[in-house]
Amino acid sequence: MISQKIIVFAVLSLIISLGVSAALFPFSAVNDEIRIGATKPRPMEEFPDVDLGPDYGEVPVIELMGYYLENPPVKQSETSVTKQQHFGGC
């Protein structure tokens, strides 16, 4: 039979965790303006330049998209994948 102390502990734990969640929810919720803005796509001209490090500097998103369209990623076929050999151990 379940002890009365176990039931009291479980109920109090549930009440405390729900109370903490309810108290902290307003701090973690996103306001409507940000939420709606995140669901609308933006044109690439509106994005800020992307910093690619000291070798390339800041590059506009339009140039990155142009490079991607001209040089799409190459999918590796099964024949081009090299198999690794493990020596001993697992």
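This is a short walk through a predicted model, from its overall layout to a few individual residues. Local features need pLDDT of at least 70, side-chain atom pairs count only at pLDDT 80 or more, and totals for chains, interfaces and linings use all residues. Residues are numbered from 1 along each chain as its sequence is written, and side-chain values use heavy atoms, with hydrogens and water left out.

Start with the layout. The chain has 3 helices and 2 strands. Their order along the sequence is α-α-β-β-α. Both kinds of element are DSSP runs, numbered from the N terminus: helices are H or I with at least four residues, strands are E with at least two.

Next, the surface. The chain has 90 residues, and 2% of them count as buried. Buried means under 20% relative accessible area, exposed means over 50%, and partly exposed lies in between (1.4 Å probe, protein chains only).

Now look at helix α1, residues 4-28, where V8 is found. V8 is partly exposed, at 43% relative accessible area. V8 also belongs to a nonpolar surface patch of about 1,100 Å², whose other members include I2, L12, V20 and F27. Patch residues have over 30% relative accessible area and no salt bridge; like charges are joined within 9 Å, nonpolar side chains (Val, Leu, Ile, Met, Phe, Trp, Tyr) within 5 Å.

Move on to helix α2, residues 32-39. It holds both R35 and D32, 3 residues apart, about one turn of the helix. R35 forms a salt bridge with D32, and the closest N and O atoms are 3.2 Å apart. The term means a side-chain nitrogen of Lys or Arg within 4 Å of a carboxyl oxygen of Asp or Glu. The whole structure has 1 salt bridge. R35 is partly exposed, at 45% relative accessible area.

Another arginine meets a ring. R42 lies over the face of F47, 4.2 Å from the ring centre. The cut-offs are NZ of Lys or CZ of Arg within 6 Å of the ring centre and within 35 degrees of the ring normal.

Finish at strand β2, residues 58-59, which contains V59. V59 is buried, with a relative accessible area of 12%. V59 touches D49, V50, L52 and L64, leaving aside residues up to four places away in sequence. Contact here means heavy atoms within 4.5 Å. V59 and P48 are 11 residues apart in sequence, and their C-alpha atoms are 9.0 Å apart.

Methods
Accessible areas come from the Shrake-Rupley method with a 1.4 Å probe; for residues, only the protein chains shown count as cover.
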